Amino acid sequence: MAESNNTAGIHRFAVATALTTVLLLVAGALVTSNDAADSVPDWPLAYGRIIPPLIGGIRYEYAHRVVAGLVAALTAILAIWLARTSLRGPARRWGWIALALVFAQAGLGGLRVRLGHPALIATAHATLAQIFFMVVVSLMLLTSAWWQRDFAPLDDPGSPRLRSLSAWTTAAILIQLVLGAGFRHGAFGMLPHLLGAVVVLFLAVWASRTVRERFGQVSDLRRWGILLQAFLGTQILLGFAAYWAVAESLNAAQPVLLYVIIEVAHVVVGALTLAASVLLTLSSFRLLRPAGSAAVNSSAEKARA
């Protein structure tokens, strides 16, 4: 009973860490959309102080640092807590990976302030943020009671296998988010981002349709396919809205509120689309037999017959 309560507690803490990371993504998007990335010229202090004057863009940059510190603290607690549990699977190893990513992200943030190179380092910073988010979202599932259960593995009768297709979709969404970050920070033009959107749309629709047609009765897969479609559809609409908002705000002296709201929503829903794809991928690997295992089982059954 004590082990069960400990597992439930660490799962809730992993969920809280993931939700706080969403808040961190919002804070980061507010910095970018409000042109506040260079508001604080020093690091780790701000204007030589722990709490700087919270005016103009400084408040966005400082809020981002505060939330980042909170996420770092939660991640450290989660990693240490995971190391003291007996959870099955890679959860303990992934906890240390999450902590290492936090330190790497803090280092990139410091380099951004001290060395400049805003387009390159800011894009790398945004990329690492999405990778970290993938890890903490994964930890939500890896620490759950569902993951700790025993399942009879299911066969995937189609081709390509859902395990492979969902992994490709996740990789494509991550690359697309990197291209989007590069576009926002001036490292890339818009064309790669638009081409990436087409690829993501194709793969995500394919993966969701595969879930519906092959595993429509498996709720543990179906829910993530539905969420993937819902978030992707919302993201496409936000993409059109973001393009319109950018065009409308070109002549504005300061970013207008509608532009900021749409840009922040676009970043966050993009991350949630990635999260849905990650959860679908992990669930597929947890529930479905690998292709080789299915072939071996099929041959054994034919031999027995």
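**Reading the labels on an all-α chain**

From the N terminus on, the elements of the protein chain run α-α-α-α-α-α-α-α-α-α. The model is a predicted one.

Trainee: How many helices and strands does the protein chain have?
Mentor: The chain has 10 helices and 0 strands.

Trainee: Why is Leu-45 called partly exposed?
Mentor: Its relative accessibility is 40%. Buried means under 20% and exposed means over 50%, with partly exposed in between, so Leu-45 at 40% counts as partly exposed.

Trainee: Where is Leu-45 found?
Mentor: Leu-45 lies in the loop between α1 (2-33) and α2 (58-83).

Trainee: What makes the nonpolar surface patch?
Mentor: Leu-45, Ile-50, Ile-51 and Leu-54 make the patch, which covers about 410 Å². Patch residues need over 30% relative accessible area, and Leu-45 has 40%.

Trainee: How do you know that the charged end of Arg-286 sits over the ring of Trp-147?
Mentor: The distance to the ring centre is 5.5 Å. The limit is within 6 Å of the centre, and the charge must also be within 35 degrees of the ring normal. The charged end of Arg-286 is therefore counted as sitting over the ring of Trp-147.

Trainee: Which ring does the charged end of Arg-223 sit over?
Mentor: The ring of Trp-224, at 5.7 Å from its centre.

Trainee: Which residues form an aromatic cluster with Trp-147?
Mentor: Trp-146 and Phe-151 form one with Trp-147. The whole structure has 4 aromatic pairs.

Trainee: What share of the protein chain counts as buried?
Mentor: Of its 305 residues, 45%.

Definitions and conventions:
Residues are numbered from 1 along each chain as its sequence is written. This is a predicted model: local features need pLDDT of at least 70, side-chain atom pairs count only at pLDDT 80 or more; totals for chains, interfaces and linings use all residues. Side-chain values use heavy atoms; hydrogens and water are left out. Patches are made of residues with over 30% relative accessible area and no salt bridge: like charges are joined within 9 Å, nonpolar side chains (Val, Leu, Ile, Met, Phe, Trp, Tyr) within 5 Å. Accessible areas come from the Shrake-Rupley method with a 1.4 Å probe; for residues, only the protein chains shown count as cover. A salt bridge is a side-chain nitrogen of Lys or Arg within 4 Å of a carboxyl oxygen of Asp or Glu. Helices (H or I, at least four residues) and strands (E, at least two) are DSSP runs, numbered from the N terminus. Buried means under 20% relative accessible area, exposed over 50%, partly exposed in between (1.4 Å probe, protein chains only). Rings of Phe, Tyr and Trp (its six-membered ring) pair if their centres lie within 6.5 Å; planes under 30 degrees apart count as stacked, over 60 as edge-to-face and the rest as tilted.
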